[in-house]
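Here is a short tour for anyone who likes rings and pockets. Please keep the model open beside the text as you read.

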Amino acid sequence: MIGAIVGDIVGSRFELTNATTFDFALFSSECHFTDDTVMTLAIASALQRALGSVADTSLQSNTALYTIVANEAIQAMQHLGQLYPDCGFGASFRKWLRSPQPQPYNSCGNGAAMRVSACAYAAATLAEVKALSTAVTAVTHNHPEGLKGAEATAVAIFLARQGYSKEQLRSYLRAHYYPLNFTLEQLRPHYHFDATCQGSVPQALQAFFEGEDFVDTLRKAVYLGGDSDTIAAIAGSIAEAFYGGVPKELRATACGFLDQRLMRILLDFEAAFPCSRFAAPAPAHPANSDHDSK
């Protein structure tokens, strides 16, 4: 899950003005966490609360738990989102955050995919991953493309954690989600900002497939252009799972951009659902603790 956060922060300064070189600095004073990080952690918090609220956490034998997960997702996203109102939410989601009776609004936005990585760590089976993804996504992004983009991302992370090769992952994703019939080199000259799942999840997947390691994946995701923070968050979440974690120095730097509230959610989730064997301790006093400086 930290892979999504690192990708978000690295890509944040290129969302509106895309990178013009592949060899950009990964972090700078212009970097910040965005709604991608906040909602990723909201879903992590919701899953931890939901799965800790009942004695039987076997998802296949406790279908009522998915209703609990969905309700917890609503509460967690509204709570955390209202604490960080200026981190980059879209207009429709911002309205949803403030609604006293929030309802799904048929969105196919890529926000569905950038926030879903925790599902791949909380679930024990592929069927559970898909059901959790649907539960936390359908409360807002209930458009078929929104549901598909989120599920494809969560499934890719889960299967990567199970040791699938890139060839096996590509074959599964092609069969069930997207054709993935392009290269980044072919796409980049005419690719533009596209905040839909169908316009950014396949691109993030391809950045992962072409990446040689975690850092190379992020560079390819950002250099492609478009919605850079979200594409890098999605690609980074899959790369973390595939490569066995995030390099310690990248994790430590990214954690320095989080305030203590967000850092605590991350650490609590990782303790409950181990995410990364390369995890490093959090900084004692995280930098940029005032989220309003974003």
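This is a predicted model: local features need pLDDT of at least 70, side-chain atom pairs count only at pLDDT 80 or more; totals for chains, interfaces and linings use all residues.

Residues are numbered from 1 along each chain as its sequence is written, and side-chain values use heavy atoms, with hydrogens and water left out.

**Aromatic rings**

A search of the whole structure gives ten aromatic pairs (ring centres of Phe, Tyr or the six-membered ring of Trp within 6.5 Å; planes under 30 degrees apart are stacked, over 60 edge-to-face, the rest tilted). Two of them are Phe33 with Tyr84, which is edge-to-face at 5.8 Å centre to centre and 80° between the planes, and Phe269 with Phe273, which is tilted at 4.9 Å and 40°. Phe33 sits in the loop between helix H1 (2-12) and helix H2 (35-51), and Tyr84 in the loop between helix H3 (64-83) and helix H4 (91-98), so their pairing ties together parts 51 residues apart in sequence. Helices here are DSSP runs of H or I with at least four residues, numbered from the N terminus. Phe33 and Tyr84 are both buried, meaning under 20% relative accessible area with a 1.4 Å probe, protein chains only. Phe269 and Phe273 are buried too.

Phe208, Phe209, Phe242 and Tyr243 make up one aromatic cluster.

| Arginine | Ring | Distance to ring centre |
|---|---|---|
| Arg170 | Phe209 | 4.3 Å |
| Arg219 | Phe24 | 5.0 Å |

**Pocket linings**

Pockets are open sets of points on a 1 Å grid over the protein atoms alone, with protein on both sides within 12 Å along at least five of seven lines; lining residues have an atom within 4 Å of a point. Of the 29 residues lining the largest pocket, Asp35, Gly88, Phe89, Gly90 and Asn110 are the closest to its centre. H2, H4, helix H5 (111-114) and helix H13 (228-243) each give two or more residues to this lining.

For the second largest pocket, H3 gives the most to the lining, with five residues. The lining includes Glu72, His79 and Arg261.

**A residue in helix H8**

Ala152 belongs to helix H8 (residues 144-161). Ala152 counts as buried because its relative accessibility is 0%. Leaving aside residues up to four places away in sequence, Ala152 touches Leu173, Tyr177 and Tyr178, with contact meaning heavy atoms within 4.5 Å.

Conventions. Buried means under 20% relative accessible area, exposed over 50%, partly exposed in between (1.4 Å probe, protein chains only). A charge sits over a ring if NZ of Lys or CZ of Arg is within 6 Å of the ring centre and within 35 degrees of the ring normal. On a 1 Å grid over the protein atoms alone, a cavity is a set of points where a 1.4 Å probe fits but cannot get out, and a pocket is an open set with protein on both sides within 12 Å along at least five of seven lines; lining residues have an atom within 4 Å of a point.
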